[in-house]
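The following exercises ask the reader to work from a set of coordinates to a description of side-chain pairing, packing and open space. Please keep the model at hand while working through each solution.

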Amino acid sequence: MFEDKTPFDSEKLVDEVFKTEPAYFLSDNFAEVMAGKAGRHFAWKQYIKEFLIYLAVIFGILVMTAGMAFFWFDANMLNWFDFLISNLTLVAGINFLVIFVLFADRVLLRYFLYRTSLD
């Protein structure tokens with residue numbers, strides 16, 4: 001079918017494009033900068049995913065513990081609810097502190113260590 005070796009118009013266009021200089025120039029370290037940005041982006045994404053997994057595991061353990069207390073020890077939900085409401089600031093503060101420490105440990109600290117190792 002293509003026994004004739006004459007160049008097509010597309011081949012001429014590609015040859016012309018490869019022979020002409022581009023109108024813009026990239027810096028010498030463009031690939032290195034882009035690889036660094038992509039690496040930081042994927043590292044950040046991975047750290048956030050890992051943090052959410054840890055948070056889900058902690059939440060699951062708390063739910064299982066509460067469920068076992070209700071079924072095995074006949075805990076009263078109204079007593080638990082009254083305790084949580086009466087100590088709302090303490091419970092919210094402890095939850096906030098646990099989430100903050102987990103986030104700082106699993107995400108921020110690892111991300112900053114990753115960034116300093118690249119520099």
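The exercises below concern this predicted model, and each is followed by a worked solution.

**Exercise 1. Determine where Glu 50 lies and which residues it contacts, leaving aside its neighbours within four places in sequence.**

Solution. 
- Step 1: Locate the residue. Glu 50 belongs to helix α2, which covers residues 30–72.
- Step 2: The relative accessible area of Glu 50 is 16%. Buried means under 20%, and Glu 50 is therefore classed as buried.
- Step 3: List the contacts. With neighbours within four places in sequence left aside, Glu 50 is in contact with Arg 106 and Arg 110.

**Exercise 2. How many salt bridges does the structure hold, and which residues form them?**

Solution. 
- Step 1: State the total. The structure holds three salt bridges.
- Step 2: Take the pair Glu 50 and Arg 106. Their side chains form a salt bridge with an N to O distance of 2.9 Å. Because Glu 50 lies in helix α2 and Arg 106 in helix α4, this pair ties together parts that are 56 residues apart in sequence. Both Glu 50 and Arg 106 are buried.
- Step 3: Take the pair Glu 50 and Arg 110. In this salt bridge the closest N and O atoms are 2.7 Å apart. Arg 110 also lies in helix α4, so the pair links parts that are 60 residues apart in sequence. Arg 110 has 29% relative accessibility and counts as partly exposed.
- Step 4: Take the pair Arg 106 and Asp 105. Their side chains meet in a salt bridge at 3.5 Å, N to O. Asp 105 is partly exposed, with a relative accessible area of 34%.
- Step 5: Through shared partners, the salt bridges join Glu 50, Asp 105, Arg 106 and Arg 110 into one network.

The general principle is that side chains of opposite charge can pair when their charged atoms come close.

**Exercise 3. Identify the residues of the largest nonpolar core and the elements that give two or more residues to it.**

Solution. 
- Step 1: Name the members. The largest nonpolar core has six residues, namely Ala 43, Tyr 47, Phe 51, Leu 102, Val 107 and Tyr 111.
- Step 2: Assign the elements. Helices α2 and α4 (88–118) are the elements that give two or more residues to this core.
- Step 3: Examine one member. Not counting residues up to four places away in sequence, Phe 51 touches Ile 99, Leu 102, Phe 103, Arg 106 and Val 107.

**Exercise 4. Is helix α3 largely buried or in the open, and what lies at its start?**

Solution. 
- Step 1: Count the buried residues. Helix α3 has ten residues, 77–86, and the number buried is zero, so the helix lies largely in the open.
- Step 2: Inspect the start. There, a side-chain oxygen of Asn 76 comes to within 3.2 Å of the backbone nitrogen of Leu 78.

**Exercise 5. Describe the largest pocket and its lining.**

Solution. 
- Step 1: Give the volume. The largest pocket holds about 550 Å³ of space.
- Step 2: Describe the lining. It is made up of 13 residues, of which Phe 59, Leu 62, Leu 84, Val 91 and Asn 95 lie nearest the centre of the pocket.
- Step 3: Assign the elements. Helices α2, α3 and α4 each supply at least two residues of this lining.

Methods. Residues numbered from 1 in each chain as written. Predicted model: local features only at pLDDT ≥ 70, side-chain atom pairs only at ≥ 80, totals over all residues. Heavy atoms only, no water. Helix = DSSP H or I, 4+ residues; strand = E, 2+ residues; numbered from the N terminus. Buried < 20%, exposed > 50% of the residue type's maximum accessible area, 1.4 Å probe, protein only. Contact = heavy atoms within 4.5 Å. Polar contact = N/O pair within 3.5 Å; in protein donor to acceptor, adjacent residues only side chain to side chain. Core = buried A, V, L, I, M, F, W, Y, C linked by side-chain atoms within 4.5 Å. Salt bridge = Lys/Arg side-chain N within 4 Å of Asp/Glu carboxyl O. 1 Å grid on protein atoms, 1.4 Å probe; cavity = no way out; pocket = protein on both sides within 12 Å on 5 of 7 lines; lining within 4 Å. Points joined across faces, edges and corners; volume = space filled by probe spheres on them.
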